[in-house]
Every structure is written in C-alpha cells, then in structure tokens.
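I opened my notebook to follow how the parts of this chain are put together. I wanted to look at a sheet, then at the helices beside it, and then at the domains.

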Amino acid sequence: MGIIPTSDKFPVLVVLNPHSGRKQGLEAWENTVKPALNAANKPFRLIESNSQGHVISYFVDNIKPILTDLAQSLSTVAAGAASAQDTIMNPTSAKLQIIVLGGDGTVHEIVNGILKGVEGTGFVTDAFRPQVEFAVIPTGTGNAISTSLGVTSVQDAVNRFIAGKTVPLRIMSVTSLTTQLYTIVVNSYGLHCATVYDSEEFRHLGNDRFRQAAMKNVENLKQYEGKLSFYGRTQQYNRATTSLVDSSSSNDNIARTDTNTATLTLPGPFTYLLISKQASLEPGFTPTPFAKTSDDWMDVLAVQNVGQAEIMQMFGSTAIGTHVNQEHVEYIKAKTIELETPTQGRLCIDGEFLTIEAGPEGRVRFEVSSDLNIQIFRIFA
Ligand SMILES: Nc1ncnc2c1ncn2[C@@H]1O[C@H](COP(=O)(O)OP(=O)(O)OP(=O)(O)O)[C@@H](O)[C@H]1O
C-alpha cells in the first residue's frame with residue numbers, strides 16, 4: 001500500500017493573475033506571500049493565469065482530480081484483523097485552500113470554474129462535500145470582497161490566512177433561459193455597468209479608472225428601461241426610522257402560496273441599479289452598506305429616473321453609506337429578484353458583461369441559492 005499523504009501536506013493552491021490591478025500580484029507573491037508560506041511550512045501549487053478565461057477553464061478541467069487527491073490525502077486506514085484487509089475510511093468533507101493574488105474577477109472565475117467542473121457529477125454530495133477556503137490578497141483594482149471584510153493590505157490578508165479564521169462567502173446565482181452562472185460581488189445595470197464597461201480603457205490609472213469612467217457616464221447620463229420584481233421576503237430601508245423594516249409576514253404568505261407573484265416591483269427606468277453581496281466595491285465606496293458577505297440576502301440599491309444633480313449627491317455620500325437617507329435612493333434587501341428589459345440591455349456581473357435579451361424571454365433571475373452543494377465557499381476573515 002502506498003503512502004497516504006496527510007492533510008497538512010496537501011498544497012495550498014495559489015492563483016496568480018499578473019494582469020490584475022496595476023499588475024502588483026507578482027511582486028506581492030515574491031515579496032510577501034511566498035515567504036510567509038515557506039515560513040509556515042505550507043506546501044503550495046502555483047497557478048499563473050496567462051489570459052482572460054484561463055483560470056475558469058483551469059478549474060473546469062482540474063477540479064475533479066484536485067478533489068480526488070484532496071479526499072485521498074485525508075483518507076485514513078483502519079487496520080483490519082490479522083487476516084482481514086485494511087479498510088480505507090474516506091472523509092465526508094475536506095478543506096481546499098486557495099490563495100488568490102488578484103481581484104474580485106479572479107475569485108469569480110475560480111468559483112464559476114469549480115462549480116461548472118463538478119456540475120452533474122458525484123463530486124460534491126452529502127457523502128463528500130468539500131469546503132473551499134479563499135484567502136484573497138488584495139492585488140486587484142476594486143478588491144470589493146477584501147475591502148468589505150476590512151482587509152487593509154497584502155500583509156493583513158496574509159496574517160488572516162495564517163490565523164486561520166474563516167466565514168461563509170455566499171454566492172448569488174444568475175439565471176436566464178440561456179445563462180447560468182454565479183456572482184460573488186455585484187450585478188449591476190445602468191450607470192454602474194456602463195462605468196465598469198468603460199473603465200477598461202483607463203486601467204493604467206489603477207483605482208482611479210472607475211472615477212474617470214463614472215465621470216464620463218455622468219456627463220452623458222442615460223436612463224435604462226427595465227422592471228425589477230422581488231419575490232418572497234424583503235426588507236426595505238425606512239428613512240424615517242433609519243432602519244431596515246421587514247416586509248415579512250404578508251410577503252411570506254404570498255411567497256408560500258404563489259411563488260410567481262411579485263411581492264414588490266420597481267418600474268424603472270433606472271439611472272443606477274446594484275444587486276450586491278458586498279458592502280464596499282472599493283476603498284471609500286460603500287454603496288450597499290448593509291450588505292454582508294456571509295448572509296443569505298442580496299442588497300439592492302436602486303435610483304430611478306433622476307438627473308446628474310441627484311447622482312452626484314449620491315456619490316458624495318457613498319464613502320460612508322449615508323446616501324441611503326436621500327429621497328431618490330431606494331434600498332431593499334431581497335432573496336429572489338428578476339430583471340426584465342423592454343429592449344436588449346447589458347448587465348455587469350462581477351466585472352464581466354452579459355447581454356439581456358428584450359422582453360420576458362430575456363428575464364434574468366438572481367438568487368442566493370440555499371443548495372449546500374453550491375454554497376461551499378468560505379473566506380479568511
Ligand atoms: N494573463 C492575463 N492577461 C490579461 N488578462 C488576464 C490575464 N489573466 C486574467 N486576466 C483577466 O484579468 C481581468 C481582471 O482580473 P481581476 O478581477 O483579478 O483584477 P481587477 O479587475 O484589476 O480587480 P477587481 O476585480 O478587484 O476590480 C479578468 O477579466 C481576467 O480574466
């Protein structure tokens with residue numbers, strides 16, 4: 001019988017995107033992260049992204065052998081009676097640790113690659129459900145997840161990894177007739193989506209690329225037609241009481257008896273619309289201040305049909321989240337949401353783009369799935 005490796009010998013996967021942010025990932029790896037892993041005696045396997053989409057296809061192709069090796073590394077051998085054969089005891093769970101040297105887009109690619117790679121297979125089930133633990137080293141542009149968890153630097157992120165405390169990283173599913181994928185940070189429509197789309201040309205400016213692109217889009221402010229429907233429980237921010245109010249009991253009843261009946265709708269047109277899992281999208285920009293990385297709600301920030309003055313007023317208060325008290329800002333926590341647009345539209349999903357087809361055929365549904373085989377991710381916090 002061969003030697004069965006023990007769990008602490010299983011390598012941490014290190015995913016390095018050399019293109020993220022201002023291309024500082026490699027330096028952070030060489031100067032801070034690799035020395036820390038060596039000092040902690042942690043073996044690692046480096047996966048360097050060589051192009052857009054490389055990380056997602058790497059995990060689609062490799063997650064099954066990785067999980068097989070991981071499970072095997074944790075198997076224990078119960079010695080049988082003298083004449084009997086040894087019995088291999090397989091684990092029912094195992095931790096796969098992944099250090100990300102990149103931004104939120106790289107985490108998005110890993111999550112989608114893993115879930116696509118195990119989809120329709122018996123690799124994640126009640127009998128064996130791995131836990132994927134992310135240490136996100138903030139070397140992207142926005143670093144929304146790290147910022148929302150209060151991570152202040154590369155060293156801080158490394159310290160948290162070494163300390164070992166994790167919290168759930170809940171993901172959203174985004175579904176239409178033609179699409180099924182997962183997002184971890186934000187889905188947006190309108191001004192925010194146009195800003196992210198245009199920001200690529202300003203990448204050399206680092207964090208400032210969003211500011212430049214936002215200004216360009218505020219100058220040419222547009223309204224984006226669409227209807228947002230909420231199903232099941234919601235909570236709405238009440239400006240009078242400055243608190244979130246549960247629209248629960250009546251909504252709950254409707255949700256239970258007829259899941260096709262919307263409990264709330266916003267008719268649009270939207271100037272600005274976010275459906276988010278993270279409070280901050282970058283340092284100093286906290287548009288959904290009540291969002292929690294680890295809960296089962298999605299936080300919606302909706303601004304309908306306003307002009308430049310209102311948008312600028314909102315931006316002026318997003319640093320500390322007080323924009324939720326402004327009259328034109330609507331803030332809703334929800335479990336299930338659908339967006340329908342009368343003409344073809346564009347949705348931004350964790351920095352990538354998805355075309356929404358016109359009318360009911362193009363409806364996009366957002367949910368925080370309760371499927372235990374989907375919600376397998378945690379993050380060092
Ligand atoms: N070798 C590469 N060359 C060019 N692009 C790459 C490469 N590897 C990955 N990418 C792409 O880089 C993009 C940006 O990645 P990432 O999200 O990590 O950084 P960011 O956009 O700077 O940060 P954030 O998402 O936190 O704002 C992703 O779309 C990814 O597909």
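**Helices, sheet and domains**

I began with helix α5 (residues 154-163), which in this predicted model lies across β5, β6 and β20 (377-380) and runs at about 155° to β6.

I then looked up the sheet itself, an open one of six strands in the order β2-β1-β5-β6-β20-β7, where the pairing is mixed. At its edges I found β2 (44-48) and β7 (166-168), and because each has a single partner strand, one side of each is left without a neighbour in the sheet. From one strand to the next, I noted a twist that averages 30°.

Next I checked how β1 (residues 12-16) is joined to β2, and I found five bridges between these strands, which run parallel. In this pair V12 stands opposite F44 of β2. I also saw that helix α1 (residues 25-39) packs on the sheet, where it touches β1, β2, β5 (95-102) and β6 (131-138), and that its direction makes about 145° with that of β5.

Last, I turned to the domain assignment of the protein chain, which gives domain 1 (7-164) and domain 2 (180-368). Their C-alpha centres lie 30 Å apart, and 17 residues of domain 1 are in contact with 17 residues of domain 2. Which elements give two or more residues to the side of domain 1 that touches domain 2? I found that they are α3 (104-118) and α4 (144-148), and that α3 gives the most, with seven residues. Sorting this side of domain 1 by class, I noted six nonpolar, nine polar and two charged residues.

Technical notes
Residues numbered from 1 in each chain as written. Predicted model: local features only at pLDDT ≥ 70, side-chain atom pairs only at ≥ 80, totals over all residues. Pairing = 2+ DSSP bridges. Helix = DSSP H or I, 4+ residues; strand = E, 2+ residues; numbered from the N terminus. Axes fitted to C-alpha atoms, helices over the stretch in contact; angles between N-to-C directions. Contact = placed C-beta atoms within 7 Å. Domains from an automatic or database assignment. Nonpolar A, V, L, I, M, F, W, Y, C, P; charged D, E, K, R; others polar.
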